[in-house]
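Q: I would like to learn how to read the features of a protein model. Where do we begin?

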Amino acid sequence: MARGVTKRLATFGVFALIFISCGGGEDNAGGDGRNIEPCTLITVAEAEVWLGGAVEPPAPYDGPDPEPTCVYRSAGAQTQILLQVYDGGEYYGGDNAEIHPDAQPVDVGETGYIENGSVGFLQNDWSVSISRVSGPVSDESLVAAARTVSSRLP
């Protein structure tokens, strides 16, 4: 009997290792085991420079978008930027003239674009979007934020 139990436990262990190594049981953004926490990609001190003053701690966005999203707000929430990080290139819209008719190329990541109030780029199969939600955040500040995020992506 002990031998039968040992054999079943060994079989279970093999299946468990296969399940874990294939990413089973995890809730990953792209399903391939890659996770990222966007609120760790920009520090409060960096955001203060780009948002022009004191910034509240970054917070995950609780909107309808299931992808990792972070909001950086100035004290009083007068100025805000939104950082979205997608696993995979399917969300990148820099080459899509219908979605981004005023987009211009920008030197960020592997391929980047800028349009009024938004910077997007692809890097290492991550799609990133940084957008001005409200307030006087310049496009130059958004590009600086994008370059910072680019330097910190895995």
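A: Begin with burial. A residue counts as buried when its relative accessible area is under 20%, and as exposed when that area is over 50%. Partly exposed covers the range in between. Keep in mind that this is a predicted model.

Q: Is Ser150 buried or exposed?
A: Ser150 has a relative accessibility of 13%, so Ser150 counts as buried. Ser150 sits in helix H3, which covers residues 139–152.

Q: Which residues does Ser150 touch, beyond those up to four places away in sequence?
A: Ser150 touches Val108, Gly109, Phe121 and Gln123.

Q: How many helices and strands does the protein have?
A: There are three helices and seven strands. From the N terminus, the order is α-α-β-β-β-β-β-β-β-α.

Q: What share of the residues is buried?
A: Of the 154 residues in the protein, 40% are buried. The protein exposes about 8,800 Å². Carbon and sulfur atoms supply 56% of that area.

Q: What share of contacts joins residues at least 24 apart in sequence?
A: Take the contacts between residues at least 6 apart in sequence. Of these, 48% join residues at least 24 apart.

Q: Which residues of H3 are buried?
A: The buried residues are Ser141, Leu142, Val143, Ala145, Ala146, Thr148, Val149 and Ser150. They pack against H2, S3, strand S5 (111–115), S6 and S7.

Q: Which residues of the largest nonpolar core touch the most other members?
A: A nonpolar core joins buried nonpolar residues through side-chain atoms within 4.5 Å. The largest one here has 28 residues. Ile42, Leu83, Val85, Val128, Ile130, Val149 and Leu153 touch the most other members.

Q: Which elements give two or more residues to this core?
A: Two helices are on the list: H2 (44–51) and H3. The strands are S2 (69–73), S3 (80–87), S6 (118–123) and S7 (126–134). H3 gives five residues, the largest share.

Q: What is Val149 in contact with, leaving aside neighbours within four places in sequence?
A: Val149 is in contact with Leu41, Ile42, Leu83, Phe121, Val128 and Ile130.

Q: How should I read a disulfide?
A: A disulfide is a covalent bond between the sulfur atoms of two cysteines. The structure holds one disulfide. Cys39 is joined to Cys70, with an S to S distance of 2.1 Å.

Q: Where in the chain are Cys39 and Cys70?
A: Cys39 is in the loop between helix H1 (2–21) and H2. Cys70 is in strand S2.

Q: Is the disulfide of Cys39 and Cys70 right-handed or left-handed?
A: The torsion about the S-S bond is about 110°, so the disulfide is right-handed. Cys39 counts as buried at 14% relative accessibility. Cys70 is buried too, at 0%.

Q: What about salt bridges?
A: Side chains of opposite charge can pair when their charged atoms come close. The structure holds two salt bridges. One joins the side chains of Arg152 and Glu46, at 2.6 Å, N to O.

Q: Which parts does the pair of Arg152 and Glu46 tie together?
A: Arg152 lies in helix H3 and Glu46 in helix H2, so the pair ties together parts that are 106 residues apart in sequence. Arg152 is partly exposed, with 34% relative accessibility.

Q: What does Asp139 form with Arg132?
A: Asp139 and Arg132 form a salt bridge, and their closest N and O atoms are 3.6 Å apart. Asp139 is partly exposed at 21%. Arg132 is also partly exposed, at 26%.

Q: Where is Asn124, and what is its phi?
A: Asn124 lies in the loop between S6 and S7. Its phi is positive, about 50°, although Asn124 is not a glycine. Asn124 is partly exposed, with a relative accessible area of 38%.

Q: What is phi of Asp125?
A: Phi of Asp125 is near 65°, a positive value in a residue other than glycine. Asp125 is found in the loop between S6 and S7. At 46% relative accessibility, Asp125 counts as partly exposed.

Terms used: Residues are numbered from 1 along each chain as its sequence is written. This is a predicted model: local features need pLDDT of at least 70, side-chain atom pairs count only at pLDDT 80 or more; totals for chains, interfaces and linings use all residues. Side-chain values use heavy atoms; hydrogens and water are left out. Helices (H or I, at least four residues) and strands (E, at least two) are DSSP runs, numbered from the N terminus. Buried means under 20% relative accessible area, exposed over 50%, partly exposed in between (1.4 Å probe, protein chains only). Contact means heavy atoms within 4.5 Å. Accessible areas come from the Shrake-Rupley method with a 1.4 Å probe; for residues, only the protein chains shown count as cover. A disulfide is a pair of cysteine sulfur atoms within 2.5 Å. A salt bridge is a side-chain nitrogen of Lys or Arg within 4 Å of a carboxyl oxygen of Asp or Glu.
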